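Dear colleague,

I am passing on the structure we spoke about, with the sequence alongside, and below it I have set down what came out of going through the model. Please have it open while you read.

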Amino acid sequence: MFRGELRVYPDLESLSQAAAESLAEIAAAAITERSWFSLGLSGGETPRALFRRLRQEYQKRIPWLRVEIFWVDERYVSHQDPRSNYALAKNQWIANSPIPRENVHPAPTEVATPAEAAQQYERVLRAHFLREWPRFDLVLLGLGADCHTASLFPHSPALTEEKQWVVATEAPAEPPQRLTLTLPVINHACNVHFLVSGERKAEALRRVLEDEPDAMACPASAVTPVEGRAVWWVDEAAASKLSRERG
Ligand code: 6PG
């Protein structure tokens with residue numbers, strides 16, 4: 001059963017602007033309440049427009065010295081590789097922002113094996129969050145046409161992980177080796193925002209929001225925050241297969 005909020009916008013630019021504004025509001029509230037705003041970033045193409053807006057329009061709006069940035073998932077490639085999620089966020093936004101370098105926590109990808117890198121990143125997260133489960137103030141997620149999210153792909157053993165915070169996975173896409181936060185981590189976030197754009201995602205979005213999909217076949221449907229809120233920021237093309245009362 002879909003629990004969350006669906007917000008539909010004409011296009012990627014307008015949904016990105018609205019999502020950026022919401023991020024700024026969540027950041028301001030978190031910093032007021034807890035002095036810090038912890039943010040988890042996904043990669044892929046969709047968040048580019050959001051990153052660009054954060055660079056261009058939010059330099060002064062958000063107290064960046066109080067922001068901690070982590071990655072929801074990472075491709076197991078060098079941070080200089082254009083396929084790296086860290087490289088995407090760095091080049092589109094972080095390199096031109098006042099965020100202190102010590103507040104930016106990329107997933108390690110130059111460790112001997114992805115499994116060891118996952119363990120190392122988990123230690124970074126545990127050193128920061130110091131709780132049973134990390135409570136990110138905001139996790140940004142995308143949606144694949146196959147209903148994957150983060151680097152949690154259909155029928156992946158990572159979908160049943162109940163203890164580890166970070167695991168190494170194999171993607172059915174290049175590059176195959178990935179690191180990803182696990183579902184319990186994502187589901188303990190205070191806010192989970194999905195950014196979904198384009199006709200290519202319409203069937204996946206319909207499956208997640210309107211079917212009773214099996215989490216193994218449709219991982220994004222397993223994102224059901226324990227206490228937090230899920231908001232879907234989508235454009236009309238992605239919403240084009242939703243039933244009338246939703247779209
Ligand atoms: C990644 C992302 C992944 C992404 C979806 C959607 O590492 O690729 O974290 O989960 O969010 O694949 O990607 P697009 O935005 O490129 O469609």
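**A buried glutamate, and what surrounds it**

Glu-122 has a relative accessibility of 11%, and because anything under 20% is taken as buried, this residue counts as buried. Please keep in mind throughout that the model is a predicted one. Glu-122 belongs to helix 4, which runs over residues 114–129, and once its neighbours within four places in sequence are left aside, its contacts are with Gln-164, Trp-165 and Val-166.

**A buried serine**

Ser-38 is part of strand 2, residues 37–41, and with a relative accessibility of 4% this serine counts as buried. Leaving aside the neighbours within four places in sequence, Ser-38 is in contact with Glu-68 and Phe-129, and also with Arg-135, Phe-136, Asp-137 and Leu-138.

**Helix 6 and its cover**

Which residues of helix 6 are buried? In this helix, which spans residues 202–210, they are Ala-202, Ala-204, Leu-205, Val-208 and Leu-209. Around the axis these residues take up an arc of only 160°, and they therefore lie on the same side of helix 6. Among the elements that cover the buried residues of helix 6 are strand 1, at residues 5–9, and strand 10, at residues 229–235.

**The chain as a whole**

Taken along the principal axes, the box filled by its C-alpha atoms is roughly 45 × 40 × 35 Å.

Of the 247 residues, 56% count as buried, and among the contacts with a separation of 6 or more, 80% are accounted for by residues 24 or more positions apart. The accessible surface of the chain comes to about 10,700 Å², and carbon and sulfur atoms make up 50% of that surface. As for charge, the chain carries 28 positive and 33 negative charges, and the mean positions of these two sets are 4 Å apart.

Methods. Residues are numbered from 1 along each chain as its sequence is written. This is a predicted model: local features need pLDDT of at least 70, side-chain atom pairs count only at pLDDT 80 or more; totals for chains, interfaces and linings use all residues. Side-chain values use heavy atoms; hydrogens and water are left out. Buried means under 20% relative accessible area, exposed over 50%, partly exposed in between (1.4 Å probe, protein chains only). Contact means heavy atoms within 4.5 Å. Accessible areas come from the Shrake-Rupley method with a 1.4 Å probe; for residues, only the protein chains shown count as cover. Lys and Arg count as positive and Asp and Glu as negative; His and the chain ends are not counted. The place of a charge is taken as NZ of Lys, CZ of Arg, CG of Asp or CD of Glu. Helices (H or I, at least four residues) and strands (E, at least two) are DSSP runs, numbered from the N terminus. The arc is that of the directions from the helix axis to the C-beta atoms.
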